[in-house]
Amino acid sequence: MAAATLVLLATTTGCDDVEAKPKGAVAVGADALSTTQKDALVTVKRAVTSATQASGGTPHQVGDRTNASTCGELYPKRFQTLEVNGSFVVEGAERAAVVADVRDAWLAEGWKPKVGGAEVAGEDDQVSATVPSSSGVELSVRATVLQGTGKAPVNISVSTPCLDLSEEALADLDVQPVDED
């Protein structure tokens, strides 16, 4: 019993010195962070504009700044993900038609959209794509088409994977990181 306890103590010693790092975190310096933020803003505008035009919708909102949040409560503040949102509404439309219009618009942008998100076959409500940014960070673009009474609201988000920010990049972050305590 004493040997087992001793082994346990030996293997846990120094655990506080190990820093957790999210799987797949992308290392980003200040210049790459700035470029990624700008690319996310341009991408959400392209996503909303092209989908709105293709579906005959009315723009509602296009984000003008990225929002940052920590990648999880287990990780230090330098691990951040960025997101920017936009939306539009299509009057008198069915969800399936709007999903098809968003997919077609994003295909025309040169993206490779995927349709899915439904729990029931044939009722897909999401379109997603991965778009490279000029900084090398891949941006995830997602449209969720809701079904309202006589209209189809569409929410679009552009987000990054978890970013491992350099000290300079964290200091230059345009928005204050949100603590998820």
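This is a predicted model: local features need pLDDT of at least 70, side-chain atom pairs count only at pLDDT 80 or more; totals for chains, interfaces and linings use all residues.

Me: Okay, where is T36?

Reply: T36 is in helix α2.

Me: Is T36 buried or exposed?

Reply: T36 is buried, because its relative accessible area is 0%, and buried means under 20%.

Me: What does T36 touch, leaving out residues up to four places away in sequence?

Reply: T36 touches L82, S133, S135, V137, L139 and T160.

Me: S133 is on that list. Where is S133?

Reply: S133 is in the loop between β6 and β7. S133 is buried too, with a relative accessible area of 9%.

Me: Which polar contact does the side chain of S133 make with another side chain?

Reply: That one is with the side chain of S135, at 2.8 Å. The side chain of S133 also reaches the backbone oxygen of V137, at 2.6 Å. Setting aside residues up to four places away in sequence, S133 touches T36, D39 and L139.

Me: New topic: the nonpolar core. How many residues are in the largest one?

Reply: The largest nonpolar core has 26 residues. F88, V98, V102, W106, V141 and I156 are those with the most contacts inside it. At least two residues of this core come from each of α2 (30-55), β4 (79-91), α3 (95-108), β6 (126-132), β7 (138-145) and β8 (151-159).

Me: And what does W106 touch, again leaving out residues up to four places away in sequence?

Reply: The residues W106 touches include A47, S50 and A51, along with W111, P113 and V127. V141, R142, A143 and I156 are also among them. There is a second, separate core as well, with 10 residues that include L82, V137, L163 and L173.

Me: Nice. How do the strands β4 and β8 pair?

Reply: β4 and β8 pair in the antiparallel sense, over 9 bridges. There, G86 stands opposite I156 in β8.

Me: What about β7 and β8, in which sense do they pair?

Reply: β7 and β8 pair in the antiparallel sense, over 6 bridges. R142 stands opposite S157 in β8. The hairpin of β7 and β8 has 5 residues between the strands, and G150 takes a positive phi near 75° in it.

Me: I also clicked on V89. Which strand is V89 in?

Reply: V89 is in strand β4. Its C-alpha is separated by 9.2 Å from that of V145, although V89 and V145 are 56 residues apart along the chain. Leaving aside neighbours within four places in sequence, V89 is in contact with G57, T58, K151, A152 and P153.

Me: Let's switch to charges. How many salt bridges does the structure hold?

Reply: The structure holds 4 salt bridges. Side chains of opposite charge can pair when their charged atoms come close. One of the bridges joins E109 and R46, with the closest N and O atoms 2.5 Å apart.

Me: Which residue does D164 form a salt bridge with?

Reply: D164 pairs with R78, and their closest N and O atoms are 2.5 Å apart. D164 is in strand β9 (residues 163-165) and R78 in the loop between β3 (67-70) and β4, 86 residues apart. D164 is buried, with a relative accessible area of 12%, while R78 counts as partly exposed at 25%.

Me: And R103, what is its salt-bridge partner?

Reply: R103 forms a salt bridge with D104, the closest N and O atoms being 3.0 Å apart. Elsewhere, salt bridges that share partners join K21, R78 and D164 into one network.

How values were computed. Residues are numbered from 1 along each chain as its sequence is written. Side-chain values use heavy atoms; hydrogens and water are left out. A nonpolar core is a set of buried Ala, Val, Leu, Ile, Met, Phe, Trp, Tyr and Cys residues joined through side-chain atoms within 4.5 Å. Buried means under 20% relative accessible area, exposed over 50%, partly exposed in between (1.4 Å probe, protein chains only). Helices (H or I, at least four residues) and strands (E, at least two) are DSSP runs, numbered from the N terminus. Contact means heavy atoms within 4.5 Å. A polar contact is a pair of N or O atoms within 3.5 Å; within protein, one must be able to donate a hydrogen and the other to accept it, and residues adjacent in sequence count only if both atoms are side-chain atoms. A salt bridge is a side-chain nitrogen of Lys or Arg within 4 Å of a carboxyl oxygen of Asp or Glu. Two strands pair if DSSP finds at least two bridges between them.
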